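Thanks for making time, everyone. I would like to walk you through one model this morning, so please keep the sequence and the picture in view while I talk.

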Amino acid sequence: MTASALAATLFGPEDLRMIEHPLGPLAPGMVRIRFGAAGICGSDMHYFRHARTGDFVVKDPLILGHEIAGEVAEINADAPGLKVGQRVAVNPSRWCGHCARCREGRANLCENIYFMGSASKYPHMQGGFATLFDAVPAQCVPVPDHVPLKAAALAEPLAVCLHAVRRAGDIAGKRIVLFGAGPIGLLTLLAAKRAGIASSAMVDIAPAPLAFAARLGADDIVDVSGGDDGLKDLAARNPFDVAFEVSGTAAGLASAIATVRRGGTIVQIGNLPGGSIPVPANAIMAKEIDFRGSFRFDREFDEAIALIADGGVDVLQLVTAERPLAEAPDALRLALDRSRSVKVVLTAN
């Protein structure tokens, strides 16, 4: 009997349908995963609203989802450490291992990488918002029994933030500012606090996520919905050494450039709109700002699992709603409402 999977499949802007997808026999070298839990990411929301995120445009129906955990349902590979029934977090990156970037230890920049639920390559790599999906053994990281699968699913966004903090260099004793109080901004705050920062400021235009940032320990909360005078005053009184741009907006990037100190560092995490955008680049030159990109993650995925398992980072404190996978379209709409949610997690039932 042919297996099938119920999957949240995107056909166009705000056209996400729960569709039955037939599954053939498991291919050699692959592992089949039964869905356990998944986080809804900002890129999932961009795909849902616009059928694109940044320069990645959906060209064929795409199963969304890359923050995934579940159980091994079937193995057709040499997979040491894995067995049927094994609980795993799934690293959504499938890298080649032999290109120049992989050889230099930067697999997140692999020239041939495919990423689950992403339109960055064509044909697209399908995502994990599906009752069953396939992965290679290297993507499957065992999860201790005491870790809820909904926590394991959030290893991926935590890994993104650990990588961003690593890209910033040594930030111990420094004052940081974060633009964008969504889940990535909040997890970057937690990762930066673990790295020993002196103080932090969180900037956003929405009061609900800013209040959440305050509860997580941000020292200064800056609402710029009515203008940025308060941000400029704060930066003048207590200059920022490092800025993390997480909002993915041109305004956020311009504010980061304007408010970080001379000789400071900016880490760009947010995915800016596709095409060209105006950037006050002369200020980067005149202030000798170190501008660094941060793209996904590499070895930080395993580190994130370890931190979640030992209680080093409580990712579940960000979760404001849970919905069953079968209700994925409505869950995406909830996730888009920043007044009602911070992080929405899909569950098997």
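This is a predicted model: local features need pLDDT of at least 70, side-chain atom pairs count only at pLDDT 80 or more; totals for chains, interfaces and linings use all residues.

Let me begin with K232, which counts as partly exposed at 45% relative accessibility, where buried means under 20% relative accessible area, exposed over 50%, and partly exposed in between, with a 1.4 Å probe and protein chains only. K232 forms a salt bridge with D228, and the closest N and O atoms of the two are 3.7 Å apart; by salt bridge I mean a side-chain nitrogen of Lys or Arg within 4 Å of a carboxyl oxygen of Asp or Glu. D228 is partly exposed as well, at 28% relative accessibility.

Residues are numbered from 1 along each chain as its sequence is written, and side-chain values use heavy atoms, with hydrogens and water left out.

The structure holds 15 salt bridges. Among them is the one between D290 and R292, with closest N and O atoms 3.6 Å apart; here D290 has a relative accessible area of 37% and R292 one of 25%, and both count as partly exposed. R101, E104 and E111, for their part, are linked in a network of salt bridges.

Which residue does E303 meet in a salt bridge? The partner is R166, at 3.3 Å from N to O. E303 lies in helix α10 (residues 300–309) and R166 in helix α4 (residues 155–167), so this pair ties together parts that are 137 residues apart in sequence.

Staying with α10, its buried residues are E300, F301, A304, I305, L307 and I308. Seen down the axis of α10, these fall within an arc of 165°, so they line one face of the helix; the arc is that of the directions from the helix axis to the C-beta atoms. They pack against β8 (87–90), β12 (140–142), α3 (149–152), α4 and α5 (183–194), contact meaning heavy atoms within 4.5 Å. After α10 comes G311, whose phi is positive, near 80°.

Now to the sheets, where two strands pair if DSSP finds at least two bridges between them. Six strands form an open sheet in the order β15-β14-β13-β16-β17-β18, with parallel pairing. At the edges stand β15 (220–223) and β18 (290–293), each pairing on one side only. Strand β14 (residues 199–204) pairs with β15 over four bridges, and D204 stands opposite D223 in β15. Helix α8 (residues 250–259) packs on this sheet, touching β13 (175–179), β16 (240–245), β17 (260–268) and β18, and its direction makes about 150° with that of β17; axes are lines fitted to C-alpha atoms, for helices over the stretch in contact, and angles run from 0 to 180 degrees between N-to-C directions.

There is also an open sheet of three strands, ordered β2-β1-β6, whose pairing is antiparallel. β2 (15–23) and β6 (62–63) are at the edges with a single partner strand each, so one side of each is left without a neighbour in the sheet. Two bridges join β1 (residues 3–12) to β6, with T9 standing opposite I63 in β6.
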